[in-house]
Amino acid sequence: MGRIVCVANQKGGVAKTTSVVSLGAALAETGLKVLLVDLDPQSSLTFALGIDPDDVEISVTDVLTVGAEVESAVLPAPEKLEVLPATLDLAGAESMLLPVENREFVLRQALEQVGSRYDVVILDCSPSLGLLTINALAAADELVVPLQAEMLSHRGVGQLLDTVADVNRLLNPRLIVRGLLPTMYDGRSTHARAVLADIGERYELPVLGPVPRSVRFAEAPGLGGSILVTSPRSAGAKAYRDVAAALMKAWRVAAPAVKKATRKA
Ligand code: ADP
Ligand code: MG
């Protein structure tokens, strides 16, 4: 079973989806096999990978609510990624799951079907602590929490960490918090530097990154890829490569040896 990484923060606009795409691309670039899972009814991850949710026939909603096979729903995405796409009807999935026995474990059970095919599965959560996010936390080995480096109050992060403690106790003792990931960091701002210095201590958690603020992130989807390919030498691309390397180090996973291209005779 590959590592399952949940990317969550119930605040919107903190770069969850951007981090899922960029980190996924950085891991895939090393040769790892990566599956991204869109758990947001707004389908931003699916869109970001160039897939129109209206064209998706089998989605994560079908996997969670009517037992469709994960394999039947997974689509190929750019940069050697694969995605379990979302569609707008995912908004109704939570209420459909409510009466289901073991409703917190539906995603975990579904991912068990394919876990051995991937080195890493990354879950992109919606901005809420609802049942879909609980399913993600119940399925994951570890959690990465993106947060805006400039915000002094990270209201919600404390609540998310309380939820993790409940999940540890009731649903998934394996889950660890891999780290906080400050995003949109402006190193020229003394304020941002002060916040960054304070974050890790305040929550007593490792700090990954930071990821610099850059307009290239907003441009990337329009250019048809992650920042890893649209601006491969940018500071933003380097930041996500560094986070990927830190994760692989923690997992003791070496990049698979890349086969040399064999010359045609
Ligand atoms: P979330 O998934 O948490 O709602 P997104 O990943 O969709 O957040 O990001 C919100 C917006 O911020 C997007 O327009 C994205 O392009 C932009 N963004 C993400 N990371 C950065 C960054 N490091 N610098 C500048 N803009 C960023
Ligand atoms: Mg998002």
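## Ligand shell, cores and loops in a predicted model

L131 sits in helix α7 (helices are DSSP runs of H or I with at least four residues, strands are runs of E with at least two, both numbered from the N terminus). This is a predicted model, where local features need pLDDT of at least 70 and side-chain atom pairs count only at pLDDT 80 or more, while totals for chains, interfaces and linings use all residues. Residues are numbered from 1 along each chain as its sequence is written, chains are lettered from A and ligands numbered from 1 in the order in which they are written, and side-chain values use heavy atoms, with hydrogens and water left out.

### Around L131

With a relative accessibility of 12%, L131 counts as buried (buried is under 20% relative accessible area, exposed is over 50%, partly exposed is in between, using a 1.4 Å probe and protein chains only). Skip the neighbours within four places in sequence, and L131 is in contact with E94, L97, L98, R103 and E104 (contact means heavy atoms within 4.5 Å).

### The nonpolar cores

Helix α7, residues 131–139, also matters for the bookkeeping of the cores. The largest nonpolar core has 52 residues, and those with the most contacts inside it are C6, V37, L111, L123 and L143 (a nonpolar core is a set of buried Ala, Val, Leu, Ile, Met, Phe, Trp, Tyr and Cys residues joined through side-chain atoms within 4.5 Å). Helix α7 gives this core its largest share, 7 residues. Another core lies apart from it, with 36 residues, among them A26, A28, L36 and V120.

What does C6 touch, leaving aside neighbours within four places in sequence? C6 is in contact with L123, C125, A136, L137, A140, E142, L143 and V144.

### Ligand 1

Now for the ligand. There are 14 residues around ligand 1, and the closest are G13, K16, T17, T18 and P212 (a residue counts as near when one of its heavy atoms lies within 4 Å).

| Residue | Protein atom | Distance to an oxygen atom of ligand 1 |
|---|---|---|
| K16 | backbone N or O | 2.9 Å |
| T17 | polar backbone atom | 2.9 Å |
| T18 | side-chain N or O | 2.6 Å |

On its own, ligand 1 has 560 Å² of accessible area, and the protein covers 75% of that (areas come from the Shrake-Rupley method with a 1.4 Å probe; for residues, only the protein chains shown count as cover). Two or more shell residues come from each of α1 (16–29) and α10, and α1 gives the largest share, 3 residues. Sorted by class, the shell has 7 nonpolar, 5 polar and 2 charged residues (Ala, Val, Leu, Ile, Met, Phe, Trp, Tyr, Cys and Pro are nonpolar, Asp, Glu, Lys and Arg are charged, and the others, Gly among them, are polar).

### The loop between β2 and α2

D40 lies in the loop between β2 and α2, and at 7% relative accessibility it is buried. A polar atom of the D40 side chain is 2.9 Å from the backbone nitrogen of Q42. Not counting residues up to four places away in sequence, D40 touches A86, L90, D124, C125, S126 and P127. The C-alpha atoms of D40 and L98 are 17 Å apart, and the two residues are 58 apart along the chain.

S43 is in the loop between β2 (34–39) and α2 (44–48). Its phi is near 60°, a positive value in a residue other than glycine. Is S43 buried or exposed? S43 is buried, with a relative accessible area of 0%.

### Other loops

N102 has a positive phi too, about 55°, although it is not a glycine. N102 belongs to the loop between α5 (93–97) and α6 (106–112), and at 44% relative accessibility it is partly exposed.

D186 is in the loop between β7 (176–183) and α9, buried at 18% relative accessible area. A polar atom of the D186 side chain lies 3.0 Å from the backbone nitrogen of R188. Beyond four places in sequence, D186 is in contact with E150 and A192.

Lastly, the peptide bond from G209 to P210 is cis, with omega near 5°. P210 lies in the loop between α9 (190–203) and α10 (215–219).

Conventions:
Polar contact = N/O pair within 3.5 Å; in protein donor to acceptor, adjacent residues only side chain to side chain.
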